[in-house]
Amino acid sequence: MQRVASALGLAQAMAPELVALRRELHRHPELGNDLPRTQRTVLDALDGLDLEITTGREVSSVVAVLRGRGGSRAAGEERPVVLLRGDMDGLPVTEATGLDYASQEPGLMHACGHDLHTAGLVGAARILHELRDELVGDVVLMFQPGEEGPGGAEPMLREGLLEAAGRRVDTAYATHVYAAERPRGVWFGRPGPQMAAADEVRITVQGKGGHGSQPHYALDPVPVACELVLALQTMVTRRFDVFDPVVLTVGRIASGTVNNVIPDAAEIEATLRTFSPEHRERAHTEIRRVAEHISAAHGLTASVDIGGGYPVTVNDPDEFAFARDTVVDLFGDDRWSDMPEPEAGAEDMAFVLEEVPGAYLNVGACVVDDHTTAEDNHSPRALYDDSVVPDIAALLAELALRRTAALAAPG
Ligand SMILES: [Zn+2]
């Protein structure tokens, strides 16, 4: 079926407004899960559209449900539901771009380009609203805070995100801009694991303090902690397939006060990066086992706390292929680039993709012609090109239109 207007055409027509919105968001970044000003800006930008809007109880989220009016509407029919995600939070970075729309909030910056994601998702909402007579399902628009931490997806899931349309979301899509990794406008991603799980590991080796001259009356945690740090590295190389990597780095080890006092306890803190849910779970078990048993071998105990991290971001192979084909169809072959390896960064969207199949695609947004000379995401000098905003809007809208149509099609 030929549509009256194309998502890309509509996105290009509304580009000036979307860019203005992006710049307004860029001027006023906020941090974490409390984004009152950003939330208000998003609500204002959605004003006038026929949407069912709820805001978060725990966090400054916005969930908007857009009802399609296309296709048949037989009673009791299960119409497809697609979720589109845009994150809204900034970073504790002092902006040094010199842009005329640079951050006006001291010590805060949209250094990861989430302002482009938010404006892009508003654009998708406007496009889909325009084309809602052709939309044969419903769309859940997820404006999330806290992507950079402490995490906004989990509270949104607890508050019923996936059931917002009255039926469970069938599939979910999100995009992320990159300031330096690929040329401007080039989309990239991979099927399966795309980003790592990042977990914080805290181990306390519990001994018994005493006099440094008489260690046999004490249970010294210091040599046990040292042994444990090395044993953990050996465990990683001996217990895991190198082609599904596990990275474990002890970044902090702390114990004691002065040279002649044996302390009661030693603390170890590490970061764990894994690239498959299987290895993540097994790494947790192995770390516990090594910590407890090395300690036990010397008559001490260990308590292990692992958590706080985002899971592996996994692209469903079918949804990924569908999203990649949509990119190629919309923007052309030269706008797609395969991503051979996953990245060691982590992404809050992973919690949504654990619940429903979906795809997370990246797009190059550098402002210079040679992207290798650009500053990376999170840099105080990171720059993102405005032209990517309408592209994000068009792609998200197009994914929702095509996927609902495919899911609704009989057979
Ligand atoms: Zn980011």
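## Overall picture

Contact here means heavy atoms within 4.5 Å. By that criterion, residues 24 or more positions apart account for 81% of the contacts in the protein chain with a separation of 6 or more. You are looking at a predicted model, where local features need pLDDT of at least 70 and side-chain atom pairs count only at pLDDT 80 or more, while totals for chains, interfaces and linings use all residues. Residues are numbered from 1 along each chain as its sequence is written, and side-chain values use heavy atoms, with hydrogens and water left out.

The protein chain has 10 helices and 16 strands; helices (H or I, at least four residues) and strands (E, at least two) are DSSP runs, numbered from the N terminus. Taken along the principal axes, the C-alpha atoms fill a box of roughly 85 × 55 × 40 Å. Of the 411 residues in the protein chain, 56% are buried. Buried means under 20% relative accessible area, exposed means over 50%, and partly exposed lies in between (1.4 Å probe, protein chains only).

## The zinc site

Which residues coordinate the zinc ion? They are Cys112 through SG, His114 through NE2 and His176 through NE2, at 2.1 to 2.4 Å. Donors are N, O and S atoms within 2.8 Å of the metal (3.2 Å for Na, K and Ca), and water is not among the atoms, so sites may look incomplete.

Along the sequence, the donor residues follow the spacing C-x1-H-x61-H. Cys112 sits in the loop between strand E3 (81-87) and helix H4 (114-130), and His176 belongs to strand E5 (residues 171-178), so this pair ties together parts that are 64 residues apart in sequence. Cys112 counts as buried because its relative accessibility is 7%, and His176 counts as buried at 4%.

## Two helix pairs

Two packed helices are described by the angle between their axes and the distance between the axes. Axes are lines fitted to C-alpha atoms, for helices over the stretch in contact, with angles from 0 to 180 degrees between N-to-C directions. For helix H2 (residues 15-27) and helix H3 (residues 36-46), the axes come within 10 Å and cross at roughly 165°. That makes H2 roughly antiparallel to H3, a label used for angles over 145 degrees. On the H2 side, Leu21, Glu24 and Leu25 meet Arg37, Thr38, Thr41 and Ala45 of H3.

The axes of helix H6 (residues 221-239) and helix H7 (residues 277-297) also come within 10 Å, crossing at roughly 145°. Among the H6 residues that meet H7 are Val224, Leu228 and Met235, and the H7 partners include Ile287, Val290 and Ile294. By class, this contact of H6 with H7 has nine nonpolar, one polar and five charged residues. Ala, Val, Leu, Ile, Met, Phe, Trp, Tyr, Cys and Pro count as nonpolar, Asp, Glu, Lys and Arg as charged, and the others, Gly among them, as polar.

## Backbone details

Most residues other than glycine have a negative phi, and most peptide bonds are trans. What is the phi of His378? His378 has a positive phi of about 80° although it is not a glycine. This residue lies in the loop between strand E16 (358-364) and helix H10 (388-408), and His378 is partly exposed, with a relative accessible area of 38%.

The peptide bond from Gly149 to Pro150 is cis, with omega near 5°. Pro150 is found in the loop between strand E4 (138-144) and helix H5 (153-158).

Technical notes. Parallel < 35°, antiparallel > 145°, perpendicular 65-115°, else oblique.
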